[in-house]
Amino acid sequence: MSGLHVKDLVVHYGGAHPVTAVDSVTLSVAPGETVALLGPSGCGKSSLLGAVVGTVATTSGSVTWDGVDVTHTPVHRRGFGLVFQDGQLFPHRSVARNVSFGLEMAGLPEAQRRSRVDELLALVGLEGLGSRPVTDLSGGQRQRVALARSLAPQPRLLALDEPLSALDAELRGRLAIEVREILAAAGTAALVVTHDPAEASVMATRVLRMRDGRLL
């Protein structure tokens, strides 16, 4: 039972006349594996991702990691990381201080934070840019900073919600390869939401298609 296991997961939105966003989904992600959820807008893939990380309430079903039920565990206690479409970086912080944010929240000593930040910046190809304001970076560089920040606390699962969709087509293609290599080097299990079949096939070791809240 190692890794992520989602069983019969259901997510409803609305009150008197609820809409089913996720309809009895069962899936697993092994440690070190990258799985893509592929489907058109509105098919339920982001709702499923949110239910896994805890930002979306589940109606029924379960989410477990290594056999331990985390369905109702608060987001910050699941040990999962999340990368958004636009990165959601802190504009007032430098590259290094963005990456170190989670380590600061965990109370890691400064020397250990610096070492971990240097390691992550090297991993994502941004060595020497730690002191630079994130507002000076290109879109691709900012998304690599967001990836490094999410990986810094060593999450057991990284969830990526349309992580490349804000970039132009050529940059998306290049960064999809980079993200795949970064995740492989980090050894982190990942669940990636995308509407782009090419992106899914490049980034993921396994692709799951969704439609109308269900896995096909």
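The exercises that follow concern a predicted model.

**Exercise 1.** Determine which residues of helix H1 are buried, and state what follows for the helix.

*Solution.* Step one is to recall the cut-off: a residue is buried under 20% relative accessible area. Step two is to list the residues of H1 that are buried: Lys-45, Ser-47, Leu-48, Leu-49, Gly-50, Ala-51, Val-52 and Val-53. Step three is the conclusion: eight of the nine residues of H1 (residues 45-53) are buried, so the helix is largely enclosed by the rest of the structure. Just after H1, Gly-54 adopts a positive phi of about 105°.

**Exercise 2.** Classify the aromatic pair formed by Trp-65 and Phe-80, and locate both residues.

*Solution.* In the pair of Trp-65 and Phe-80, the centres are 5.8 Å apart and the planes make an angle of 65°. Planes over 60 degrees apart count as edge-to-face, so this pair is edge-to-face. Trp-65 belongs to strand E4 (residues 60-65) and Phe-80 to strand E6 (residues 80-83), so the pair ties together parts that are 15 residues apart in sequence. Trp-65 is buried, at 6% relative accessible area, and Phe-80 is buried, at 12%.

**Exercise 3.** Describe the pair of Phe-90 and Phe-101, and decide whether each residue is buried or partly exposed.

*Solution.* This pair is tilted, with 4.7 Å centre to centre and 50° between the planes. Phe-90 lies in the loop between E6 and helix H2 (95-99), whereas Phe-101 lies in helix H3 (residues 101-105), 11 residues apart. Phe-90, at 24% relative accessibility, is partly exposed; Phe-101, at 27%, is also partly exposed.

Note on methods: Residues numbered from 1 in each chain as written. Predicted model: local features only at pLDDT ≥ 70, side-chain atom pairs only at ≥ 80, totals over all residues. Heavy atoms only, no water. Buried < 20%, exposed > 50% of the residue type's maximum accessible area, 1.4 Å probe, protein only. Helix = DSSP H or I, 4+ residues; strand = E, 2+ residues; numbered from the N terminus. Phe/Tyr/Trp six-rings, centres within 6.5 Å; stacked < 30°, edge-to-face > 60°.
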